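Q: I have just opened this one and would like to talk it through. Could you take me around it, a piece at a time?

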Amino acid sequence: MKDTRASVELPDADATTRLGEAFARVLGPGSVLLLSGPIGAGKTHFARSLIRALLGPETEVPSPTFTLVQTYDHTGGDIWHADLYRLSTPDEVVELGLEAAFAEAICLVEWPDRLGELTPDHALHLEFGYDGDGRRVTFSPADHPLLQELHR
């Protein structure tokens, strides 16, 4: 069976920042990144770095843990940063308006397991995890168009 995942080491916070900046160059309306992994593994740091790469380094990017969704206006399309940790059913995702955003905005979704059947087929999954003193992120599917764009 072919492995449909690829991974990269993130030895420090700067590496996570650079990864977020790299993704910022290839995302557009309809891009969905699903960010999973344990607390402290780098999901929010990655999202914050990506958003600041698009909007400017001085942009305030609070964690959406309590607000559930933070939205940002961008000339290339709205940016939605969602943290679904506190949701208990996929029905709550519908109430947030995420389904429509998946088609027309850049979406960064932490704790995407809460999406259930609402998980968009075109999304790229990023699984953040610990790797010794650093972190590792695993992408699936490995042949996702966004990953191919990163390598151009």
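Q: Let's start with arginine 136: how exposed is it?
A: This is a predicted model, and in it arginine 136 counts as partly exposed, because its relative accessibility is 26%, which lies between the 20% limit for buried and the 50% limit for exposed.

Q: Which residues does arginine 136 form salt bridges with?
A: Arginine 136 pairs with glutamate 9, where the closest N and O atoms are 3.3 Å apart, and also with aspartate 131, where the closest N and O atoms are 3.4 Å apart.

Q: How many salt bridges does the structure hold?
A: It holds 3, and one of them joins aspartate 113 to arginine 114, with the closest N and O atoms 2.8 Å apart. Aspartate 113 is exposed, since its relative accessible area is 51%, whereas arginine 114 is partly exposed at 22%.

Q: Changing topic, how confident is the prediction, and where is confidence lowest?
A: The mean pLDDT of the protein chain is 92, and 98% of its residues reach 70 or more. Confidence is lowest in helix 3, residues 91–96, at a mean of 85, while strand 2 has the highest, at 97.

Q: What is in the largest nonpolar core?
A: That core has 27 residues, and those with the most contacts inside it are Phe23, Leu33, Phe46, Leu50 and Leu126. At least two of its residues come from each of several elements, including helix 1 (13–24), strand 2 (32–36), helix 2 (43–55) and strand 6 (124–131). Helix 2 supplies the largest share, 5 residues.

Q: Which residues of helix 1 are buried?
A: The buried ones are Ala15, Thr16, Leu19, Gly20, Ala22, Phe23 and Ala24. These buried residues pack against strand 1 (6–10), strand 2, helix 2, strand 6, strand 7 and helix 5.

Q: How does the span of helix 1 compare with what 1.5 Å a residue should give?
A: The two agree, because the 12 residues of helix 1 should span 16 Å at 1.5 Å a residue, and its end C-alpha atoms are 17 Å apart.

Q: What happens at the start of helix 1?
A: There, a side-chain oxygen of aspartate 12 reaches to within 3.2 Å of the backbone nitrogen of aspartate 14.

Q: Which residues have a positive phi although they are not glycine?
A: Leucine 68 has a positive phi of about 75°, and tryptophan 111 has one of about 60°. As background, most residues other than glycine have a negative phi.

Q: Where do leucine 68 and tryptophan 111 lie, and are they buried or exposed?
A: Leucine 68 lies in the loop between helix 2 and strand 3 (69–72), and it is buried because its relative accessible area is 14%. Tryptophan 111 is found in the loop between strand 5 and strand 6, and at 16% relative accessibility tryptophan 111 counts as buried too.

Q: Where is the cis peptide bond?
A: It joins serine 140 and proline 141, with omega at about 0°, and proline 141 has its place in the loop between strand 7 and helix 5.

Q: Last one: is serine 88 buried or exposed?
A: Serine 88 is exposed, because its relative accessible area is 63%, and its place is in the loop between strand 4 (79–83) and helix 3.

Terms used. Residues numbered from 1 in each chain as written. Predicted model: local features only at pLDDT ≥ 70, side-chain atom pairs only at ≥ 80, totals over all residues. Heavy atoms only, no water. Core = buried A, V, L, I, M, F, W, Y, C linked by side-chain atoms within 4.5 Å. Buried < 20%, exposed > 50% of the residue type's maximum accessible area, 1.4 Å probe, protein only. Helix = DSSP H or I, 4+ residues; strand = E, 2+ residues; numbered from the N terminus. pLDDT = per-residue confidence, 0-100. Expected span 1.5 Å × (residues − 1). Contact = heavy atoms within 4.5 Å. Polar contact = N/O pair within 3.5 Å; in protein donor to acceptor, adjacent residues only side chain to side chain. Salt bridge = Lys/Arg side-chain N within 4 Å of Asp/Glu carboxyl O.
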